[in-house]
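Hi,

Here is the structure I promised to pass on. Have a look, then read my notes below.

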Amino acid sequence: MKFIGNAVNSFIGRYQERLGIAQSRRIAKCYNGIRYRSRQRRAVEAWGSDRDALLAENDDDFSGTPRNIMKDGWTIDRSGSLPRLEETLAEADRLIEDRGGVDRRGTPLEQKSYLFHLNDVADLHDYPKLLQLPTSSEVIATVSKYMGLIPVMSRTLPKGVRVFESTDRFNEETEFGDSQLYHRDIHDLPLVYVMVLVSDATEDNGPWCFLPASVSDVASEKLNYQSKGAPYRVTDERMYEVVDSSERITFTGKRGDVLFIDSSRCFHYGSRKAVIPGYRLMYAFTTHCRADFTQLMFEWEYPVRDEDSRLRKMVLGST
């Protein structure tokens, strides 16, 4: 999968370099809108006409209205009481106990020397409760209301389910780079991440930092972002020339806090100066008509049971 991912990134990178990121995304979105129009139509129609039945069937005790509403591209739940949160966190603890704190450089679980993924999609068969929280009606309703359809958990890049370890223990980098610099994700629009703090997060854990969507829009316009020749990664110095640094929001907090964010609209970065390892769960939700061409090359399959609800099956991409 890492080999395929690198090949896909290389292909898309060359393609975007020729056209510019914004233009290539528009072409991909248009193409996928034709190729996968039946999937997309079902997702839109299900949210528009069948949402109440789907949400209730999936969770008997769901109130019918999500408690969290995304505004300006984001919202944070600090209640610690989202459905199935505790069992999901316990499953993440089990994974971290099995795999955390180990040098993953040179393995498929390395993203960068300062950032490791502790699982692949296939590992969900061994850690199935990682899927409990993101398939709850409460979480799906928040994401669906923002996106205007029943989303699907990303089946290509980015991985739909990741337990992250941010750590400087094995980091050889001396300057910030890649995901440590401001950027907007380009896989889809919208693209919603649901990020869960598995451990308490402070400035010493390499926390996620972001700009609200409205501020990011201003920055994008002033930076001519995603146009041909414009850099994809933006340094702090360049960013704070066009927007005030006080607009930055740092996602710190206690175990069980949950951030909902549209990473395609909100500039963000993370994993800086993780003096103490930081652990986060990240779920990625996309539309069926993505803004890239990764679906042409591969699609991961998530564990689905016959007895799963219609909504869970839709979110996991099996219908």
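In which helix is the place of Y31? Y31 sits in helix α2, residues 21-35. (Helices are DSSP runs of H or I with at least four residues, strands are runs of E with at least two, and both are numbered from the N terminus.)

A word on the source. This is a predicted model: local features need pLDDT of at least 70, side-chain atom pairs count only at pLDDT 80 or more, and totals for chains, interfaces and linings use all residues. Residues are numbered from 1 along each chain as its sequence is written, and side-chain values use heavy atoms, with hydrogens and water left out.

Back to Y31. Its relative accessible area is 33%, so Y31 is partly exposed. (Buried means under 20%, exposed over 50%, partly exposed in between, with a 1.4 Å probe and protein chains only.)

Next, the cysteines. The structure holds zero disulfides. C289 is in no disulfide either; the nearest cysteine sulfur, in C30, is 10.0 Å away. C209 is buried at 4% relative accessibility. C289 is also buried, at 6%.

Last, a sheet. Three strands form an open sheet in the order β8-β7-β10, with antiparallel pairing. (Two strands pair if DSSP finds at least two bridges between them.) The edge strands are β8 (249-251) and β10 (268-269). Strand β7 (residues 208-210) pairs with β10 over two bridges. C209 has Y269 in β10 as its bridge partner.

Best wishes

Methods:
Disulfide = S-S within 2.5 Å.
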